[in-house]
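Welcome! Here is a short tour of a structure that may be new to you. Please have a look at it first.

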2 protein chains.
Amino acid sequence: MKLSKRGEYGIKALIDLASRDTVLGAATVKEIAGHQKIPVKFLEQILLTLKNAGVLKSKPGAGGGYALAKPADQITLGQVVRLLDGPLAPIPCVSKTAYQPCVCPDENTCGLRLTMLDVRNAIADILDNTTLADVTQRMEQAQRQAARPARRSRPRSRRPAP
Amino acid sequence: MKLSKRGEYGIKALIDLASRDTVLGAATVKEIAGHQKIPVKFLEQILLTLKNAGVLKSKPGAGGGYALAKPADQITLGQVVRLLDGPLAPIPCVSKTAYQPCVCPDENTCGLRLTMLDVRNAIADILDNTTLADVTQRMEQAQRQAARPARRSRPRSRRPAP
DNA sequence: AAATTGTTGACTAAATCAATCGTGATTGTC
DNA sequence: GACAATCACGATTGATTTAGTCAACAATTT
């Protein structure tokens, strides 16, 4: 059930790009790699496939680099994970985008399939409804909460021990 | 985000065992492998680790085989997947059972982590609350529904074509 | 036009996962 | 007690994924 390094690095790079000032525009592979502790050459591969898929655009030459090809609220994590990591579904017979039949005699009564379908839907519900913009917004919110004293840890009245 | 073959085969084997008549008791590796189309030798490994973890018990020799070590409603898919496939969490820094710190400067404001934590919780909610008994029960229900004519496919009054 | 900076693509090495093979040890039956 | 069935274990092979390298190619700046 785990996300590959490819997917992890790809998302981190996209978040990095999305949380930059939009005016700054392009960032170089080296910058992102250094900032996010990602092996440079591996990141090149990843950004390249993201570019070929239309998620990123790049400008070669001096002063060039990578930038988002569309607004951050139009890029979902679901798209990205599927691109870099393959289908979200734990097993192919519950995938919507890369369905493959399995060997069981009847898919509609297969116990494994029924449960894994739930899992797939739960994952897809989250990732397909979370955009890069959502993520950066949530990060900023978390940073604001970290800055001011946390409300939850405020001491509250205690009951006397029984 | 995918389930390994090891996990898939393990769950299938357990479902197979759980849906047998409890009186029948043990089933042999060969039987299960044949029934579920699993390579015999691979299944041996899997059932062995399930036995060592206390999920299965085995009786060697003629007339022997594997059986559940405890009632089906006390075995959750979460346990099984973790045993055979490792932690449920997509990335180690959101795992409850196998937490590993990640490289990001602050885990509490890491965008990737925040989203993947949601995903982990969604997966765990399902798998840790689904027992083998739940699965077999659901299978029987699906079979009953498949047997009688489906209500949804009943022909209904059609509108005239425009 | 040359130098610099950066992308592109092909290729290789290491690690993990899936599956198989061979053999030993244990139990029940005749 | 001998035989057959079955689990137990270690080692090995092959495929896939991950990671990293090298050598070209493209555009911008001077």
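How many residues does the contact take from chain A and from chain B? Counting heavy atoms within 4.5 Å as contact, chain A gives 36 residues and chain B gives 37. This is a predicted model, where local features need pLDDT of at least 70 and side-chain atom pairs count only at pLDDT 80 or more, while totals for chains, interfaces and linings use all residues. Residues are numbered from 1 along each chain as its sequence is written, chains are lettered from A and ligands numbered from 1 in the order in which they are written, and side-chain values use heavy atoms, with hydrogens and water left out.

- Two salt bridges cross the interface, each a side-chain nitrogen of Lys or Arg within 4 Å of a carboxyl oxygen of Asp or Glu.
- Arg138(A) forms a salt bridge with Asp118(B), at 3.0 Å from N to O.

**Around DNA strand D**
- The side chain of Gln45(A) has an N or O atom 2.5 Å from a base oxygen of DNA strand D.
- For Ser58(B), a side-chain N or O atom lies 3.2 Å from a phosphate oxygen of DNA strand D.

Technical notes
Polar contact = N/O pair within 3.5 Å; in protein donor to acceptor, adjacent residues only side chain to side chain.
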